[in-house]
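Good morning, everyone, and thank you for coming.

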Amino acid sequence: MQPAEARLRVGVVFGGVSPEHEVSVITGLQAAAALDRARYEVIPLYIAKDGSWYTGSVLLELEAYQDLDALRQAAIPVRFDPAVHGRLLLVEAGARRWPWQRPRRYLVDVVLLALHGGEGENGGVQGLCETLNVPYTGSGVLGSALGMDKVVSKLLCREQGIPVVDFRWFRETDWADHEEAWLDRLEAELGYPMVVKPARLGSSIGIQRVENRQALDAAIEEAFRYDEKVVVERAVRNLREVNCAVLGDPSEARPSVLEEPVRSDRTQLLTFQDKYMRGGEKAGRRGTKQSTPQGMASLDRIIPAPLDEAKTHAIQEMAVRVFQLFECAGVARIDFLLDEETGQVYFNEINTIPGSFSFYLWEPAGVSFDALMDELIRLAQKRHREKNGRVRSYDVNLLSVRSVQGLKGAKSS
Ligand SMILES: Nc1ncnc2c1ncn2[C@@H]1O[C@H](COP(=O)(O)OP(=O)(O)O)[C@@H](O)[C@H]1O
Ligand SMILES: [Mg+2]
C-alpha cells in the first residue's frame with residue numbers, strides 16, 4: 001500500500017435530494033467498496049434528504065441507513081470552503097467538543113459522483129465541481145442536463161436521425177388551460193395505449209401506461225406532481241427492452257455488452273420494484289461483502305441480450321452515437337425500446353449516472369468493478385487536465401487605471 005499521503009483522495013458523493021436517494025446510497029457504497037484502497041483514500045460524502053452534507057466512516061455501512069436520524073447523529077456534518085480551488089475542501093461544520101479544537105478539514109482530489117436524479121445527475125452538482133475546478137467523474141454540465149430531460153433528449157436524437165417513439169409534451173400551465181383539447185389531441189395523434197412520464201425523473205417514478213381517457217387524465221395529473229413538464233408517448237407493443245452502457249468520453253467511447261431487463265409482467269412497465277427490489281442471486285457481485293447491496297444488480301436480466309449479431313452491433317453503434325451527441329463522459333447507459341414484431345429499435349433514454357455504474361455490463365467484457373472505477377477517475381483527471389490546459393482568462397486587468405480610462409471612452413461609442 002502506498003503511504004497515505006501518496007494516495008488519491010476520492011470523495012464518493014451519494015444520497016442527494018432526489019426520489020432516487022436510496023438507490024444512490026447503494027451505488028455509492030458499491031463504488032466505495034470497489035475502490036482499491038492501496039491507491040485511493042475513500043472519503044464518503046453523503047448528501048442527506050434535506051441537502052446537508054456529511055462524512056465519516058459510519059456512512060460506509062449499509063445497515064446504518066435503516067435509521068436516518070441516528071445516522072446523521074453519528075456522521076460528521078461538513079461544509080465547503082470555496083477558498084481552495086482545484087480540490088474540494090470540506091470543513092467540519094458541527095459544534096466542537098472543546099472551544100480550542102479546530103474544525104477538521106477534508107481535502108478531496110477527485111469527486112466520484114454516485115448520485116441519481118435531481119441536482120446530482122442534472123448538471124447541478126457538476127456545475128458546482130466546475131466552479132470549484134475540482135475533477136469529477138461522469139458527464140459534464142451539458143451532457144448531464146441534456147440526459148436528464150426526456151423531452152430534450154428525444155428532440156435531439158430525432159434531429160440526428162436516431163429513431164424515437166412518437167411523443168407529445170406540454171407544461172402544467174398549458175395543460176391546465178386546455179385539458180380536454182390535449183386529451184383529444186393525444187387520442188387522435190398517438191392512440192392507446194400510451195405511456196405518461198414526468199420529463200425529468202427516473203426509476204419509473206410517476207410513469208404510467210394507460211389504456212383509456214380517464215386513466216390518461218389521471219396519469220397526467222399524477223405526473224405533474226413530480227415535474228411541471230410531462231411527456232406522453234405512444235406505447236411500444238411487443239416490447240423488448242435493451243440497454244447498452246458506454247464508457248469513455250466523446251473522443252474514446254466504447255460500448256458494453258447489451259442487457260435485456262426482464263419485466264415481472266411482460267405487458268406492463270419495468271417498475272421500481274423490478275429494478276431494485278428483486279432477490280436476484282444470479283446477478284450478485286463476486287467477492288463483495290455481505291453488506292454490499294445489489295442495487296441495479298438485483299434486476300432480473302439476460303446478459304448478453306439474446307439478439308443476433310447485426311442487431312447487437314447496430315444498437316451498440318447507436319449507443320455510442322448518443323453518448324457522443326450528448327457529450328457524455330465516464331459511464332452512461334443508453335436504453336432502447338425494441339418492437340419485437342417490426343424489429344424497430346427506438347432510443348428511449350440515457351442515464352448519465354446509471355445504477356451501480358452498470359458494472360455488470362462491463363464484467364463480461366473483462367472490466368472488473370475496480371477497473372471501472374479506475375477508468376472513471378482517469379477520465380475525470382483527463383478532462384480536468386484538458387480544461388486547465390486551455391486559456392480560460394486573460395492576465396490583462398481591464399479595470400486597471402489605464403484600461404478604465406480607455407473604457408470610459410468606449411462606453412459612449
Ligand atoms: N413508449 C413506451 N412504450 C412502452 N413501454 C414504455 C415506453 N416508455 C417507457 N416504457 C416502460 O416504462 C419504463 C420506464 O420508462 P423510462 O422512460 O425508462 O423512465 P425511467 O427514467 O423512469 O427509467 C421502461 O423501462 C419501459 O418498461
Ligand atoms: Mg428507464
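Predicted model: local features only at pLDDT ≥ 70, side-chain atom pairs only at ≥ 80, totals over all residues.

For helix α7, which covers residues 179-189, and helix α8, which covers residues 213-223, the axes come within 11 Å and cross at roughly 120°. An angle from 65 to 115 degrees would count as roughly perpendicular, and with the value found here α7 is therefore oblique to α8. On the α7 side the contact is made by Glu-179, Glu-180, Leu-183, Asp-184, Leu-186 and Glu-187, while α8 brings Arg-213, Leu-216, Asp-217, Ile-220 and Glu-221. When we sort the residues of this contact by class, we find 4 nonpolar and 7 charged residues, with no polar ones.

Let us move to a second pair of helices, α4 and α5. The axes of α4 and of helix α5, which runs over residues 150-159, come within 5 Å and cross at roughly 100°, so α4 is roughly perpendicular to α5. Here the contact is formed by Leu-146, Gly-147 and Met-148 of α4, together with Lys-150, Val-152, Ser-153 and Leu-156 of α5. By class, the residues of this contact between α4 and α5 are 4 nonpolar, 2 polar and 1 charged.

Helix α1, residues 21-34, has an axis that comes within 8 Å of the axis of α12, and the two cross at roughly 95°, so α1 is roughly perpendicular to α12. Gln-30, Ala-31 and Ala-34 of α1 meet Phe-369, Asp-370 and Met-373 of α12 in this contact, which by class has 4 nonpolar, 1 polar and 1 charged residues.

How many cavities of 30 Å³ or more does the structure hold? There are 4 of them, and the largest cavity contains about 60 Å³ of space. The residues that line the largest cavity are Cys-129, Glu-130, Asn-133, Val-134, Pro-135, Tyr-136, Ala-380, Arg-383, His-384 and Lys-387. Both α3, residues 124-132, and α12, residues 369-389, supply at least two residues each to this lining, and the largest share, 4 residues, comes from α12. By class, the lining of the largest cavity has 5 nonpolar, 2 polar and 3 charged residues.

Asn-133 lies in the loop between α3 and α4, and its phi is near 55°, which is a positive value in a residue other than glycine.

Next comes the second largest pocket, which holds about 280 Å³ of space. Of the 15 residues that line this pocket, the closest to its centre are Gly-140, Pro-250, Glu-327, Ala-329 and Arg-383. Which helix gives the most to the lining of the second largest pocket? That is α12, with 4 residues, and α4, residues 141-148, likewise supplies at least two. By class, this lining has 7 nonpolar, 2 polar and 6 charged residues.

Finally, I would like to point out two peptide bonds. The bond from Tyr-192 to Pro-193 is cis, with omega near -10°, and Pro-193 sits in the loop between α7 and β9, the strand of residues 194-198. The bond from Ile-303 to Pro-304 is also cis, again with omega near -10°, and Pro-304 is found in the loop that lies between β14, residues 301-302, and α10, residues 309-325.

Key:
Residues numbered from 1 in each chain as written. Chains lettered and ligands numbered in written order. Heavy atoms only, no water. Axes fitted to C-alpha atoms, helices over the stretch in contact; angles between N-to-C directions. Parallel < 35°, antiparallel > 145°, perpendicular 65-115°, else oblique. Contact = heavy atoms within 4.5 Å. Nonpolar A, V, L, I, M, F, W, Y, C, P; charged D, E, K, R; others polar. 1 Å grid on protein atoms, 1.4 Å probe; cavity = no way out; pocket = protein on both sides within 12 Å on 5 of 7 lines; lining within 4 Å. Points joined across faces, edges and corners; volume = space filled by probe spheres on them.
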